[in-house]
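Okay, everyone, let's get started. Have a look at the sequence and the structure, and then I'll walk you through a few spots.

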Amino acid sequence: MNDFIAALPMYDWPEARAEVDAEWAAIRARLLAAGFDVPERLVRRNGDMPAVPGGIRNAAGAVIASDPATLPPDELDFPTVWRHPKLLFGQACWGPLELGLVADVRVIGQPDYSEFEGGEGELYSSAMVMRVGEGGHVSSPADGRPVLPLDLIRGKRLAFNSDDSMSGIIALTRDLVAAGESLDIFSERIESGGHRDSIVAVAQGRADVAAIDCRSWALARRFEPAAKDVRVAGWTARRKGLPYIAALGSPVTRWPL
């Protein structure tokens, strides 16, 4: 057996881990049937990854990510798992990919978002959530175009998960620009660290609005108590969802097989 790894960290909420494991089991079965040597379990912590002494390097020899053995073992560093040379199958976000990750990995496919409101095939959108009472519920438009509640969000505080997130801030920025606006429409921008944290920040009044990708929003409605205190007041446009990726040296070059 080799030491290839697999990771599906983008929707791996603690309450949904059995579902993510089942998702991986289905993917793994297809990979095994195609003759690939596939790990049984997903990487969920830095300590699950093989060490890379001296750090992870690109073809030019430049260090592009840390040796997992030097990182806190019970945390998971996304830039490291994405760039790990033994990543057989993983999932990333188009934000980091556009900002340089695409040079270090191979994009091999796209998941289907059709089961989630705001998704259609490989496309997804973000629900713009605000506190109950600050905007009525808006359903995802059938044509996938943005629905931006400009009058409601002007002068408000935006919570976003990270500045390289397509669903949390980049897509919203692009839709605002297309509407003749910018992020300056917000009085403050607050980096929360995660979509779930953004929802909680809005519900608790520490922020007023957040853009949450449609699959994360579906998870929040099931598992996050604070979700009952917010409503969907708008939507970003549909764009390609979070892609499946693999290391440049991975034998898996496309998905689905």
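So, the sheet: 4 strands form an open sheet in the order S1-S4-S13-S5, with mixed pairing. Strands here are DSSP E runs of at least two residues, helices are H or I runs of at least four, and both are numbered from the N terminus. Two strands pair if DSSP finds at least two bridges between them. At the edges sit S1 (5-6) and S5 (105-109), each pairing on one side only. S5 pairs with S13 (residues 244-247) in the antiparallel sense, over 4 bridges, and Gly109 stands opposite Tyr244 in S13. Helix H1 (residues 17-33) packs on this sheet, touching S1, S4 (87-91) and S13; contact means heavy atoms within 4.5 Å. The direction of H1 makes about 140 degrees with that of S4, where axes are lines fitted to C-alpha atoms, for helices over the stretch in contact, and angles run from 0 to 180 degrees between N-to-C directions.

Quick word on the source: this is a predicted model, so local features need pLDDT of at least 70 and side-chain atom pairs count only at pLDDT 80 or more, while totals for chains, interfaces and linings use all residues. Residues are numbered from 1 along each chain as its sequence is written, and side-chain values use heavy atoms, leaving out hydrogens and water.

In the segment after S13 you'll find Pro256, and the peptide bond from Trp255 to Pro256 is cis, with omega near 0 degrees.

Now, is Gly95 buried or exposed? Gly95 is buried, because its relative accessible area is 0%, and buried means under 20%, exposed over 50%, partly exposed in between, with a 1.4 Å probe and protein chains only. Gly95 is in helix H3 (residues 94-98). Beyond its neighbours within four places in sequence, Gly95 contacts Asp164, Met166 and Ile170.

Asn161 is in the loop between strand S8 (157-160) and helix H5 (166-178), and it's buried too, at 10%. Its side chain makes a polar contact with the side chain of Ser165, at 3.1 Å. A polar contact is a pair of N or O atoms within 3.5 Å; within protein, one must be able to donate a hydrogen and the other to accept it, and residues adjacent in sequence count only if both atoms are side-chain atoms.

For Cys93, the nearest cysteine sulfur is that of Cys214, 13 Å away.

Key
Disulfide = S-S within 2.5 Å.
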